[in-house]
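Here is a short tour of one protein model. Take a moment to look over the sequence and the 3D view before reading on.

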Amino acid sequence: MQTDMKCCLIKRKQLLFHHLDNLDPALIRRGRMDNHIEMSYCRFEAFKVLAKNYLEIESHDMYGEIKRLVEETDMSPADVAENLMPKSDEDDADICLRRLVMSLEEEKEKARKLAEEEKKKKEERDARRKKKKAEEEHKKKKETEENGDVFRDNGNLI
């Protein structure tokens with residue numbers, strides 16, 4: 001009985017990937033994984049379900065602002081739920097929703113800064129590549145001029 005159980009446990013494997021597009025296609029081709037489950041970011045419809053479950057509300061004055069923020073910001077449903085959960089008996093829907101708005105704004109700002117940093121790094125990489133390419137072309141041109149590597153066949157350049 002123990003060997004059967006051990007055998008079953010060994011055969012069951014779970015893998016978690018955050019960026020599927022960065023994986024080798026051979027790893028995720030059909031037949032390689034039994035199930036592909038997409039865990040998406042929280043959007044407004046999912047937020048409303050969470051708000052109803054955690055705060056027992058169906059609408060609120062802050063829903064307009066929250067809708068805009070959840071559509072602009074990538075936050076997991078678990079993170080949204082964490083912000084909606086009352087932390088004490090004094091926490092009401094207003095407090096929890098304000099906490100969520102603050103968290104969404106912070107996440108949006110982090111994403112903006114990260115995008116700026118990535119853009120800056122890309123520009124620096126492109127500038128280095130362009131400089132290196134120009135240096136290589138200059139070096140090749142200089143070597144050609146110095147070595148007289150231009151060959152002629154009956155007066156024509158080859």
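Residues are numbered from 1 along each chain as its sequence is written, and side-chain values use heavy atoms, with hydrogens and water left out.

**Confidence**
- The mean pLDDT (the predictor's confidence in each residue, from 0 to 100) is 83, and 78% of the residues reach 70 or more.
- Over residues 6–10 the pLDDT is below 50, and beyond near neighbours in sequence this stretch has zero contacts in the model; contact means heavy atoms within 4.5 Å.
- Where pLDDT is low, the predicted coordinates should not be read in detail.

**The nonpolar core**
- A nonpolar core is a set of buried Ala, Val, Leu, Ile, Met, Phe, Trp, Tyr and Cys residues joined through side-chain atoms within 4.5 Å.
- Buried means under 20% relative accessible area, exposed over 50%, and partly exposed in between (1.4 Å probe, protein chains only).
- The largest such core has 22 residues, and F47, I66, V80, L84, L97 and L100 have the most contacts inside it.
- Two or more residues come from each of helix 3 (44–55), helix 4 (63–72), helix 5 (77–84) and helix 6 (93–147), with helix 6 giving the most, six residues.
- Helices (H or I, at least four residues) and strands (E, at least two) are DSSP runs, numbered from the N terminus.
- Leaving aside neighbours within four places in sequence, L84 is in contact with F47, L50, A51, Y54, L55, C96, L97 and L100.

**One face of helix 4**
- Helix 4 has Y63, I66, L69 and V70 as its buried residues.
- Seen down the axis of helix 4, these fall within an arc of 125 degrees, so they line one face of the helix; the arc is that of the directions from the helix axis to the C-beta atoms.
- Helix 3 and helix 6 are among what covers them.

**Two buried residues**
- T73 sits in the loop between helix 4 and helix 5 and counts as buried, at 3% relative accessibility.
- Neighbours within four places in sequence aside, T73 is in contact with R43, L104, E107 and K108.
- S103 lies in helix 6 and is buried, with a relative accessible area of 18%.
- Not counting residues up to four places away in sequence, S103 touches M75 and N83.

Methods. Predicted model: local features only at pLDDT ≥ 70, side-chain atom pairs only at ≥ 80, totals over all residues.
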